[in-house]
Amino acid sequence: MRPLVDQVRHDAASLYQFVSSIASLCESRNPAAAYLPASERFFRYLEELGRATKRYVQDFPGGRTQAIQYLDMRDEIAVLRASWQFLHAFLKPALDSDTLHQPSSLIEGLTTRFRQIDGYSSTDFAIFHTDEFNYFNVRLHKFNKVADSIASIVQGPKLPEKLALIGIPYSQSSSIFMNCLIPHEMGHYLYGAMGLGSRVRRAAEQELLKNFGTQLKPLDRIGITGILTQWSEELFCDLFAVRLVGFCYPFAYIELFDGSKALDGNSAFSSARASGMTDFDESYPPDLFRLKQQVEILVKDQWWSDLVLVDSHYVKVLEAAKQMTDTDFDFPGMTDPDRVLKAFFTIVPKIFSELESLTTGLGSACGRWKTEHVAVESYLEHGVVPSSLLEKEGEAKFNQPDSIALVNSAYKFYVESLHRLLAHIKDADDSDVRTRSEWASKVEVWTAKAIEDIGLLTRKGLT
Amino acid sequence: MAVLSRRAIDDRRRLAVGNKSSLVITPILENDAFDEDSIDLRLGTHFLMPQVPPQPFVDPNSPNASVQSYLRLHIPLGSYFVLPAHQTVLGATLEYIKLPFDISGQILTKSSVARMFMVIETAPWIHPLYRGCLTLEIANVSNTAILIYPGTPVGQLILFEVARSEAAEKLSGTYVGPVYPEPPVLRSPGRILSGIGLEKYRHPFYGWIAEKELATEINQAMAKLTADEQSKVKAIIRILQSNGALPSNNPATALFK
């Protein structure tokens, strides 16, 4: 058997090779691919962390001379390897998410809007791809814990501040409408960054105590508190998303979860068809409950009065959700669900107030939407990118729509008025599914182009 | 056919987008983009780089040949793209254009770009009612590589009035609304040439093909078979197609669709 120092040297070399194989992906990334600044920040961080790790490992044995020190190094190698294995999961999906494979202009528009929140003016969102059809925000406390464990051993950099990581399904890289779900994940980032979880957990504990007294066993209390906290976080993120981007979020939500299955043949709500959409489970509140709360924000932010006039079954779903009462919801499989739900319903107003206090600097985009959507829709109807809207016929003055107002206008056009566009196109059959899908994609591309143009025009200060 | 003056261009831009006589060019990033008789157009950020196709030539019979022949690239504003000597790339204008029903356009290489021996357009004519970013067939015809910066002015758009009164026509869907450079829409030469009465054309792999004759022969042969036999033949064709023995660009394949 070779001496201990040599065994550990072997392990160190093995780790060096492993870290090199990951870090080199970053360093030698495809020069033909372009990335948004947030991704570049993430890659630079991983490159520096990789270099620091390799420096530390290649120094072995350094000043170590004792067996106990070699064994300590062996433990550190184990920690470093496990931590790099964790980081490994993010690198390739982030490299895949170059500007051709993510909705770059939408991300930039959403980031600009997010940065209007007090204290978040420099936040960046790095996008990576997920295999599952799911959007998610990487829990930064977990990521930081792992990254910090590397940094503390190798004296490496910490994850840059105000850098969030959001996963999107790889197939949705160019979609605008479906990616209106991304603001929910931005909400998760804000929720974590503001430490809302502990405040909500305390509120949940208090409400459980009020509703159950001392009847709950300690383990049940912990479990149910966890459930209420989880529901609250999901609810907060929904409300935040609506506050950030308006009704395009619930529209995308309805589209993703096929919310229209709750409607009958007359576009009226059918409780029979909506079965399953009213049941809480251990992770999520039901769709109709979530939509009902989203409508509350649409009302508060003054979207609703105009939105109800939109001729779309998506709006019918929202109207149905709005009409629902607490007693319409259930938590099957739970002992004494009524009291659990009652406790949660008492927390809901607190979530709303948390949202209000966190988003004071974030005005509603509704005002701009109300003044701009008719013009934006007219441009889309005529197959024109709506980035410079003629203010008044006969005058050469042009306005750029607000990006958020633009996305909402485009979504409204897509659900309500695609036929108006098709009416201008030779041989385009409104009743043909493929044709509608093809032209809906064009509307998305024009919207993305308009957001890009608006960014340029705003930078130039031109009107 | 008169070239539109700046004043006439401005008048057209002041019309509502739904007006068939209106002209849209967006974004206009500098007020001096307009000259007395032309408008400067900038290079966009998306490119289609020709790449070596899976076959030794681009076969217009192959449905994916057009897309497979290019590599898509995004070069953000501020960054550059190197176009080697004697190489070509498809780009697009940054500006999205909507032409009125009675206006044609022509895009020309800006003289400062042309003097670098770079040509941005070889199919410069734009028909009335066109809308979209213009695809540019960029060629570096010089002996040195050229750095190309998206966002810089590369072309001049000149507009011409066309004497026509019919404003009610619909838009042709094929090229409505491109934002990125468009690969060519390839059409089977057999179909095109049959329009002028030619019944045969020569395929590089399969020799002389008479599509109509072939179709008639196949249909006659199939008609002699029972339904069961026909489905067996179709199953064999599917197997041959799926393992590549009967490629999708074989004209006979199309006859079985």
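**View 1. Helices H3 and H5 of chain A cross with their axes within 9 Å of each other, at roughly 140°.** This is a predicted model, in which local features need pLDDT of at least 70 and side-chain atom pairs count only at pLDDT 80 or more, while totals for chains, interfaces and linings use all residues; side-chain values use heavy atoms, with hydrogens and water left out. Residues are numbered from 1 along each chain as its sequence is written, and chains are lettered from A and ligands numbered from 1 in the order in which they are written. H3(A) covers residues 67-96 and H5(A) covers residues 140-154; helices (H or I, at least four residues) and strands (E, at least two) are DSSP runs, numbered from the N terminus. Axes here are lines fitted to C-alpha atoms, for helices over the stretch in contact, and angles run from 0 to 180 degrees between N-to-C directions. The two helices are therefore oblique to each other (under 35 degrees counts as roughly parallel, over 145 as roughly antiparallel, 65 to 115 as roughly perpendicular and the rest as oblique). The crossing is left-handed, meaning that the near helix is turned anticlockwise from the far one by less than a right angle; clockwise would be right-handed. Look for Trp84(A), Phe86(A) and Phe90(A) among the H3(A) residues at the meeting point, and Phe143(A) and Ile150(A) among those from H5(A); contact means heavy atoms within 4.5 Å. By class, eleven nonpolar, two polar and two charged residues take part (Ala, Val, Leu, Ile, Met, Phe, Trp, Tyr, Cys and Pro count as nonpolar, Asp, Glu, Lys and Arg as charged, and the others, Gly among them, as polar).

**View 2. Helices H6 and H8 of chain A make a right-handed crossing.** Here H6(A), residues 182-193, and H8(A), residues 218-245, have axes that come within 8 Å and cross at roughly 120°. That makes this pair oblique too. The contact has ten nonpolar, four polar and three charged residues. Pick out His184(A), which sits in H6 and counts as buried at 5% relative accessibility (buried is under 20% relative accessible area, exposed over 50%, partly exposed in between, with a 1.4 Å probe and protein chains only). Beyond its neighbours within four places in sequence, His184(A) touches Glu234(A), Cys237(A), Asp238(A), Ala241(A), Tyr249(A) and Arg290(A).

**View 3. Three strands of chain A line up as an open sheet with mixed pairing, in the order E1-E3-E2.** The edges are E1 (124-130) and E2 (136-137), each pairing on one side only; strands pair if DSSP finds at least two bridges between them. Helix H2(A), residues 37-58, lies across E1 and E3, at about 80° to E1(A).

**View 4. Chain B has an open, antiparallel sheet of four strands, ordered E2-E12-E7-E9.** E2 (39-42) and E9 (125-126) are its edge strands.

**View 5. The loop between E9 and E10 of chain B holds Leu129(B) and Tyr130(B).** Leu129(B) has a positive phi of about 75° although it isn't a glycine, and is buried at 8% relative accessibility. Tyr130(B) is buried as well, at 17%. Its C-alpha lies 8.0 Å from that of Leu171(B), 41 residues away in sequence.

**View 6. Two cis peptide bonds and another positive phi are worth a stop.** Most residues other than glycine have a negative phi, and most peptide bonds are trans. In chain A, a cis bond links Phe60(A) to Pro61(A), with omega about 10°; Pro61(A) is in the loop between H2 and H3. In chain B, Thr26(B) and Pro27(B) are joined by a cis bond, with omega about 0°; Pro27(B) lies in the loop between E1 and E2. Ser267(A) has a positive phi near 60° and is partly exposed, at 33%, in the loop between H9 and H10 of chain A.
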